[in-house]
Amino acid sequence: MNVLTFDLETRNNPAAPEIGWKNFPAMGISLACAYLSGPDEYRIYGEENISQLVADMAGVDLITGYNILQFDFPLLRATCERCGVTIAPGEWEAILAKTYDILDDIRQALGTPFAKGWTLDNVASSTLTIRKNGDGAMAPALWASGQIGKLATYDGRKIPCIFTSGKVDYFHAY
């Protein structure tokens, strides 16, 4: 099974009053990082090649991530629209149909639409004893200061947490 595990980081701080957590077009993507299990490789995407991330998603069997249904996919879609990336009719639906969101699974197990406190770091450290090496809130500052390498390193180190969690959850659940 070819799995793509991904995470997006914002260009602008969604906690800022002028942006807000639901204003996906204003957030922008500073960086996207994905791990593709088939070729066993990491890929980095920016807004200039975000269409390649969508193409990579279309070409895998399973897409996984943490809170991707509520955050990453809406941000990705808004960024594609803002950047003029054309998505074929039915392509978003096909991508979503093969998506496994770890946090969504936790929400369903808890019977709640909102899983406050269930951050990736909390879940990964409690179940797998691995931790993230930073916080997504630092992404806009790293982007603004031109520290793209540091941003890529942070985001890339999050992916093993997501992939390992997703692999354990997905393959034990099904």
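The model is a predicted one, in which local features need pLDDT of at least 70 and side-chain atom pairs count only at pLDDT 80 or more, while totals for chains, interfaces and linings use all residues. Residues are numbered from 1 along each chain as its sequence is written, and side-chain values use heavy atoms, with hydrogens and water left out.

**Overall fold and surface**

- The protein chain contains five strands and eight helices, where helices (H or I, at least four residues) and strands (E, at least two) are DSSP runs numbered from the N terminus.
- Along the sequence these elements are arranged as β-α-β-β-α-β-α-α-β-α-α-α-α.
- The protein chain has 174 residues, of which 48% are buried; buried stands for under 20% relative accessible area, exposed for over 50%, and partly exposed for values in between (1.4 Å probe, protein chains only).
- Among contacts with a separation of 6 or more, 67% join residues 24 or more positions apart; a contact has heavy atoms within 4.5 Å.
- About 8,500 Å² of the protein chain is accessible surface, and carbon and sulfur atoms contribute 54% of that area. The areas come from the Shrake-Rupley method with a 1.4 Å probe, and for residues only the protein chains shown count as cover.

- D101 lies in strand β5 (residues 99-101) and is buried because its relative accessibility is 4%.
- The D101 side chain reaches the backbone nitrogen of N67 at 2.9 Å. Such a polar contact is a pair of N or O atoms within 3.5 Å; within protein, one must be able to donate a hydrogen and the other to accept it, and residues adjacent in sequence count only if both atoms are side-chain atoms.
- Beyond its neighbours within four places in sequence, D101 touches G65, Y66, N67, I68, L69 and Q70.
- D101 also caps the N-terminal end of α5, with a side-chain oxygen 3.0 Å from the backbone nitrogen of L103.
- Helix α5 (residues 102-110) has I102, L103, I106 and R107 as buried residues. They lie on the same side of α5 because they cover an arc of only 140° around the axis, the arc being that of the directions from the helix axis to the C-beta atoms.
- Exposed residues Q108 and A109 are carried on the face of α5 turned away from its buried side.
- G111 follows α5 and has a positive phi, near 70°.

**D72 in helix α3**

- D72 belongs to helix α3 (residues 68-83) and counts as buried because its relative accessible area is 2%.
- A polar atom of the D72 side chain lies 2.9 Å from the backbone nitrogen of L8.
- With neighbours within four places in sequence set aside, D72 is in contact with F6, D7, L8, Y66 and N67.

**Cysteines**

- The structure has zero disulfides, a disulfide being a pair of cysteine sulfur atoms within 2.5 Å.
- For C80 the closest cysteine sulfur is that of C83, at 7.3 Å, which is too far for a bond.
- C80 is buried at a relative accessible area of 1%, and C33 is buried at 1% relative accessibility.

**Confidence**

- The mean pLDDT of the protein chain is 77, and 66% of the residues score at least 70; pLDDT is the predictor's confidence in each residue, from 0 to 100.
- Over residues 155-174 the pLDDT stays under 50, and the model has 55 contacts beyond four places in sequence for these residues.
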